[in-house]
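Subject: Structure for you to look at

Hello,

Here is the structure I said I would pass on.

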Amino acid sequence: MMKHIDNNGRRSRAVVANGTVYMGGQVADDWTADVATQTRQALARIDAILAEAGSDRSKVVSAQIWLKTMDDYEAMNAVWDAWVDPAGAPARSCGVVEMAHEGLRVEIIPTAIL
Amino acid sequence: MMKHIDNNGRRSRAVVANGTVYMGGQVADDWTADVATQTRQALARIDAILAEAGSDRSKVVSAQIWLKTMDDYEAMNAVWDAWVDPAGAPARSCGVVEMAHEGLRVEIIPTAIL
Amino acid sequence: MMKHIDNNGRRSRAVVANGTVYMGGQVADDWTADVATQTRQALARIDAILAEAGSDRSKVVSAQIWLKTMDDYEAMNAVWDAWVDPAGAPARSCGVVEMAHEGLRVEIIPTAIL
């Protein structure tokens, strides 16, 4: 009834339950990269998690996006806009939040359906 | 199965799926107004989105509220308290988060059921 | 169809609907305590709310964690790691967000299923 994806004992990258894919905050692999690259890497990770859950980017219902600075807003959006299924973008919120590691410039917390 | 409300290709104001209304961060129309006015305008927008989704304020299950400064906490709460259905207030969290535009004093991210 | 837990007219501690337990931001009782104690107290409160909702910590699907400062990250994690059901940790995000009261060092916003 619950499926945990990539559980390390502290957090799972996603938990699938009740037809919903609850995801944790997804970040880039390279924490020295600029915000465009970090956004691209975080979204690639999200695609992979969604695939493992049996979902895909067209089924993301909401996303909260954290940035290190609002100066990165347009660069993040350019990558985001190219990624989103234009037939139906998620409900979205975006704010500046200090993240767990100083190099991180963006963290994305999506919810999807199956 | 998914209904997107006011999709502009970057974000929808809400996505309805699985009996749930996932909403993005809702803000005021007038970004020069004080926090009470901005809260009132954001909540009016939420009412309109809920109506379009086939829900209403009594069915909001949770809300995350972002403020520009905690100095606005009481003024936001006064408007919020008058808006909420006293028979059943949503689960709520409220913190200071820098938002996408400098004039914004409050952003509200609700989830509702149908 | 909706069950409100500890509704004070402004917020409920949790709302149960559609098989889901939507929780507000949970904090410690003692706002002068260090982050380890505050984390322990917030998690105890979450356990109590989950029990009242008919759920438990193994059914938490996601949690957003707010800290006063990232200097508290490891101390919070030590308490969190001991609390989490290792068979299946929730999807998690953690950032620095200024909370409603100055003494608060941690606030946890979980979602669970029944």
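This is a predicted model: local features need pLDDT of at least 70, side-chain atom pairs count only at pLDDT 80 or more; totals for chains, interfaces and linings use all residues.

Contact between the chains

Chain A and chain B meet through 23 residues of chain A and 23 residues of chain B. On the side of chain A that touches chain B, the elements giving two or more residues are strand 4 (60–67), helix 2 (73–83), strand 5 (91–96) and strand 6 (106–113) of chain A. Strand 5 of chain A makes the largest share, with six residues. Sorted by class, the side of chain A that touches chain B holds 13 nonpolar residues, eight polar ones and two charged ones.

Strand 4 of chain B

In chain B, strand 4 covers residues 60–67 and is mostly covered, as eight of its eight residues are buried. Strand 4 of chain B pairs with two other strands of chain B, strand 6 and strand 5. With strand 6 (residues 106–113) of chain B, the pairing is antiparallel and has seven bridges. In that pairing, B:S62 is opposite B:T111. With strand 5 (residues 91–96) of chain B, the pairing is parallel, over six bridges. Here B:W66 has B:G95 as its bridge partner.

Regards

Notes. Residues are numbered from 1 along each chain as its sequence is written. Chains are lettered from A and ligands numbered from 1 in the order in which they are written. Two residues are in contact if their C-beta atoms, placed from the backbone, lie within 7 Å. Helices (H or I, at least four residues) and strands (E, at least two) are DSSP runs, numbered from the N terminus. Ala, Val, Leu, Ile, Met, Phe, Trp, Tyr, Cys and Pro count as nonpolar, Asp, Glu, Lys and Arg as charged, and the others, Gly among them, as polar. A residue is buried if 20 or more other C-beta atoms lie within 10 Å of its own, exposed if 12 or fewer, and partly exposed in between; C-beta atoms are placed from the backbone. Two strands pair if DSSP finds at least two bridges between them.
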